[in-house]
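Me: I have a new structure open. Can you walk me through it?

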Amino acid sequence: MSTAKIGLLSLTALVFSSMVGSGVFSLPQNMAAVANGQALIIAWLITGVGILFLAFALLYLTRQRPDLDGGIYNYARAGFGELIGFCSAWGYWLCTTIGIVGYVVIAFSGIGMFTDQPQQVIFGDGNTLYALIGSSIFVWFVHWLVSHGIKEAALVNLLATIAKIVPLVIFIICGFIGFKLDIFKLNFIDLTLKVPVWEQVKDLMLITLWVFTGIEGAVVLSSRAKNRNDIGRATLFGVLLALSFYVMVTLLAFGISNRAEIANMHNPSMATILEQLIGLPGTIIITLGLIISVSSSYLSWTLFATEIPFLAAKNEAFPALFLKTNKNDVPIASLWLTSIVVQISLIGVCFFDKNYTQLLLISSVMILLPYFLVSAFYLKESWKNKRIKHIMIAGVAVIYATWLLYAAGPSLLLLSVVFYVIGLIVFFYSKFANSNYANK
């Protein structure tokens, strides 16, 4: 039986890996398309403060309420009742399960850069029949890996995370060498966008909105941690590491090429920038890094998606079926559910790509409610205990979480309500089925 616990290093790798997937490799182009250097610095300052306070909220909650495992679900449940707790778990599980499909698609799109020819497209954009076959094999390999133990899967993720950091470090080193202050100054005051700086900052924060999803990774797996104090530390270390890479990659890019050139680059734009500095090996290094990065992120998010239904089932919010574990103490029913949903989604990508893109956007928004509820619960606990320091930290975290909901926009938020309504069917069915079972 594999019941070993996860240490600080592996927990930190899970947090970092879940946040740093494919987004970092496209950040230079994404940001240059909407903002100059001045707005870029302001946006990172605001985002840095907001995300660190959210990290502190998670850190202190693990210490204030050590009785609550799998925070995303149990914090919402303890603070606002069973139904709200279920909505947090449902929204989080749906976001993770549907969202990780994109990682597999991007991975095989990256492989296609090495295998595809103009006259023979094999993997294309990750949505061909060959890509479907390859990605399906990958999904069920990860299923097999996770089924052999959470600790073992976390160790594999740690090794993959170290591997994904290598191309980022190479880019940063080359970026420092190729950095030109004159180019950065021109990008800093670039007025060609003809958009007010505050509006550029808002547009940038719509991008930074998504690159920190996964901050809660260590909290979700809190029951698997070797030391409870490691949960908060891993969250903070992972956020600081990810923030450092994000800031350096984007700022250095603005000192290598002018903003308009970066804005017109194909993604992953880091590959084009590194190719400008060291030639063709730059594209190869970044593309390999992208493939490794999204693969490890897929593994991280699979662990989270497997744990949440299991935790919710303990409180009868999910059907009792999801309480089932295998000999390695892995929630096997949850794992099967996650892998099957991913497999169905991959088939949808192959045949209905446009519909999946919209579904991905809606599901991604659903993770914002759990973030808000965590911050609100921390504020509620701090207010109850009359701790001024914690009230201030929680207040900033709530403001930032509220901003994330606002930045997502009303249309996607309203569409996500449909998925929450579907979730209510699961909730009431679980309550009904569990009550009948208890009465027998």
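Me: How many helices and strands does the protein have?
Reply: There are 19 helices and 0 strands. Helices (H or I, at least four residues) and strands (E, at least two) are DSSP runs, numbered from the N terminus.

Me: Where does the model come from?
Reply: It is a predicted model, in which local features need pLDDT of at least 70, side-chain atom pairs count only at pLDDT 80 or more, and totals for chains, interfaces and linings use all residues. Residues are numbered from 1 along each chain as its sequence is written, and side-chain values use heavy atoms, leaving out hydrogens and water.

Me: What radius of gyration does the protein have?
Reply: The protein has 22 Å, which agrees with the value near 22 Å for a compact globule of 440 residues. That radius is taken over C-alpha atoms, and the globule rule is 2.2 Å times the number of residues to the power 0.38.

Me: And what box do the C-alpha atoms fill?
Reply: Roughly 75 × 55 × 40 Å, along the principal axes.

Me: How much of the protein is buried?
Reply: Of the 440 residues, 57% count as buried, meaning under 20% relative accessible area (1.4 Å probe, protein chains only).

Me: Switching to α17, what is its span?
Reply: Helix α17 covers residues 368-385, and its 18 residues reach 26 Å from first C-alpha to last. That is close to the 26 Å expected at 1.5 Å a residue, counting one less than its number of residues.

Me: Which residues of α17 are buried?
Reply: Among them are Leu368, Tyr371, Phe377 and Glu381.

Me: What comes just after α17?
Reply: Lys386, with a positive phi of about 55°.

Note on methods
Buried means under 20% relative accessible area, exposed over 50%, partly exposed in between (1.4 Å probe, protein chains only).
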